[in-house]
Amino acid sequence: MNLAYPVLWGLLATVAMTAVLQASQGFGWSRLSLPLLVGTFLTGRRDRAVVWGYLLYVIGGWLFAFLYFLLFDSIGIRTWWLGALAGLVHGLFLLVCALPLLPFVHPRMASEYHGVTARRQLEPPGFMAMNYGYGTPLMTLLAQTVYGAVLGAFAQLAG
Amino acid sequence: MRGGSFSLRPRDPFFTASRRYVERTAVLETDFTTDSGSVRLLDLMPIDDGARALRPMREVLRAVEGMVGTVEIEVRFDLQPDYARRRLRPRQRGRLGWTYAWGNEVLVVRSDIALRLEGDALVGTVTLDAGERRYLSLAYTKGDPAVLPPLGAHAEERIVDTIHWWREWAGRCRYSGPYREQVVRSVVTLKLLTYALSGAIVAAPTTSLPEAIGKGRNWDYRYCWLRDAGLTTQALLALGYRDEALSFLGWMLHATRLSWPELQVMYDVFGRTRLDESELVHLAGYGSSRPVRIGNDAYRQRQLDIYGEVVSAAHAALAGNGRLDTESARMLAGLGDVVCRQWRESDASIWEVRGPLRHYTFSKVMCWAALDGLLKLHRDGALVLPPAKVEAFGRERAAIAQTIERRGFNAALGSYASVLDGDKVDASLLLMACIGYKEADDPRMRATYDRIHQRLGRNGLLYRYERFDGIDGVEGAFGICGFWAIDNLAKRGELDAAERRFRQMLAHANDLGLYAEEIDVASGAALGNFPQAFTHVGLINAAVAIERARA
């Protein structure tokens with residue numbers, strides 16, 4: 001497979017995932033903004049954080065695409081549903097493990113244990129990121145599933 | 001049913017309270033005094049650049065400090081979102097505070113006063129000794145993870161920064177005449193009524209504060225009326241707030257693109273055009289004045305005067321100083337075409353009288369002002385009109401003036417009349433001198449001024465019109481009409497009378513120097529939505545007129 005393909009498909013899958021997450025914010029189903037959470041690792045300026053966050057988020061989407069293709073190659077199945085399944089598991093990991101850990105590693109995130117300081121002011125996600133709205137788990141799983149399904153579908157078409 | 005509240009007061013019910021703004025700011029300072037001591041409360045909306053820092057989208061911050069002795073304070077926060085149609089219970093979030101979440105919106109209540117749940121409300125008490133200080137923060141975020149504002153020293157910094165910001169902003173006020181304090185208070189109030197993201201200025205931040213207590217004259221004023229545009233721009237420019245004036249003008253030219261070339265009476269702060277009125281029958285209303293309305297069906301009305309207001313705003317903002325971009329110039333010229341086509345038609349005019357449309361003299365005057373303003377903009381080079389349009393606008397302007405002088409002036413009445421061929425007056429006719437249609441000392445204007453005072457004047461105040469508009473309840477005198485009268489006096493050079501009248505109007509402000517739309521003639525009480533931008537615009541323009549006449 002041409003190495004450029006995962007780069008292109010990774011980008012398209014990230015765009016699809018971002019569209020789902022942005023729509024969930026716009027329609028009022030969730031307040032989760034992964035670009036803001038990622039960007040505020042680097043800066044406390046909201047305008048720069050959002051730009052940096054989007055950039056890192058897209059790069060992350062690309063890098064994860066390689067992992068997905070590695071998965072498809074390792075088990076020899078290249079289908080949209082395997083991609084979707086991988087995305088679902090990825091989403092679950094994000095919700096159950098990665099996001100709840102954030103208050104302990106994020107330099108600008110407050111926690112219910114340590115309270116709020118001049119530096120730590122961001123609301124923590126809580127279990128399944130439900131602090132950002134009860135629709136957040138569903139929308140995050142949907143977005144990650146779409147991401148995986150898009151990658152799986154491209155692999156299926158190319159295969 | 002009642003709406004929500006956020007109260008902080010001494011537990012001792014026999015307290016007294018006095019309040020004031022911290023000088024040249026929008027930071028409110030309230031002193032509570034009880035038998036055991038006194039406390040001081042600061043209320044503010046912190047100002048900082050939310051894009052450059054991590055701040056909540058909106059915040060109300062309250063700081064209470066013991067001044068003398070010991071005072072027990074009680075706090076009660078009772079959130080009733082969506083006009084009390086939605087019931088929410090707060091969630092305890094440990095050291096992060098309390099949150100109310102719905103949809104993609106979240107409200108965070110943080111305080112160093114211990115709060116507990118009582119029903120659906122948060123309540124708390126604290127005893128403050130002299131020098132002790134406590135904070136309450138109410139932060140709102142939509143669509144993003146919330147930012148939780150710190151209390152203590154950080155809150156103190158926000159207070160200091162906000163006071164500094166307002167003082168710097170108020171310090172740019174160019175007005176140096178008498179009554180500067182009141183003029184600054186008025187322009188600070190206009191700034192508070194400005195939607196920061198668009199530059200739009202709402203008529204008032206409230207809905208359904210009654211114009212007649214216990215009656216149905218309750219309207220939603222949380223919208224931007226084009227009617228207010230010309231005089232508001234004039235007021236901002238006169239005080240040196242050019243950026244604010246241009247933002248307002250820019251918003252108007254942007255918002256009106258949806259309905260161009262016709263203009264709608266009003267828009268919301270985002271420029272949306274559908275403002276359908278509905279009644280909130282579950283709410284008791286202020287002083288049992290029902291119904292409580294949201295939305296305003298006046299947006300469906302036809303008002304020809306607004307064309308003159310928008311063009312006057314553009315002329316005031318650009319006169320001799322700048323050129324319009326091609327799109328804006330095309331839009332303004334298009335308004336002139338509409339005026340030429342429609343000025344002979346009837347409308348609801350400035351007072352938005354519900355019922356049959358009429359040929360209001362004031363609307364004809366503002367149609368004249370629209371064409372006059374466009375021709376002046378063309379003369380000044382701010383926009384370029386083709387020769388045929390210059391000729392057409394000039395011809396129609398003359399025809400309008402001829403109609404006003406022939407049919408708008410009633411010789412038997414000895415005054416301009418409210419409607420063509422009519423025999424009643426209304427206070428909008430005073431604006432003929434303010435906008436430059438007629439000199440204030442022209443015999444016809446003087447006679448009109450006198451007739452208006454004879455028919456509409458009570459206790460030094462003016463009602464807006466003498467016609468019954470079919471709505472239950474008697475409304476109060478209109479604050480801005482009193483200021484238009486002062487403007488007339490100043491332009492006539494009768495400065496002592498103008499100042500005397502101005503001082504009389506100042507006495508009708510509340511303890512903070514703020515005005516509603518109307519004033520109860522008998523009691524002097526404020527009536528209607530509050531505070532009212534248009535009344536404060538009137539105050540500024542009247543003060544400027546006095547100052548300029550003195551110069």
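Modeller: Two residues count as in contact if their C-beta atoms, placed from the backbone, lie within 7 Å. In this predicted model, the contact between chain A and chain B takes 25 residues from chain A and 22 residues from chain B.

Colleague: What makes α2 and α3 of chain A suppliers of the side that touches chain B?

Modeller: α2 (34–39) and α3 (46–75) of chain A each contribute at least two residues to that side.

Colleague: How many residues of each class has the side of chain A that touches chain B?

Modeller: That side has 8 nonpolar, 10 polar and 7 charged residues, where Asp, Glu, Lys and Arg count as charged.

Colleague: How do you know that domain 1 of chain B touches domain 2 of chain B?

Modeller: The domains span 5–167 and 172–550, respectively, and their centres, taken over C-alpha atoms, are separated by 37 Å. Contact is judged residue by residue, with C-beta atoms within 7 Å; 8 residues of domain 1 of chain B are in contact with 9 residues of domain 2 of chain B. On the domain 1 side, β2 (16–21) and α1 (81–84) of chain B each supply at least two residues, and β2(B) gives the largest share, 3 residues. This side comprises 5 nonpolar, no polar and 3 charged residues.

Colleague: What pLDDT does chain B average?

Modeller: Chain B averages a pLDDT of 93, on a scale from 0 to 100, and 98% of the residues score at least 70. The model scores ipTM 0.89 and pTM 0.91. Where pLDDT is low, predicted coordinates should not be read in detail.

Key. Residues are numbered from 1 along each chain as its sequence is written. Chains are lettered from A and ligands numbered from 1 in the order in which they are written. This is a predicted model: local features need pLDDT of at least 70, side-chain atom pairs count only at pLDDT 80 or more; totals for chains, interfaces and linings use all residues. Domain bounds come from an automatic or database domain assignment. Helices (H or I, at least four residues) and strands (E, at least two) are DSSP runs, numbered from the N terminus. pLDDT is the predictor's confidence in each residue, from 0 to 100.
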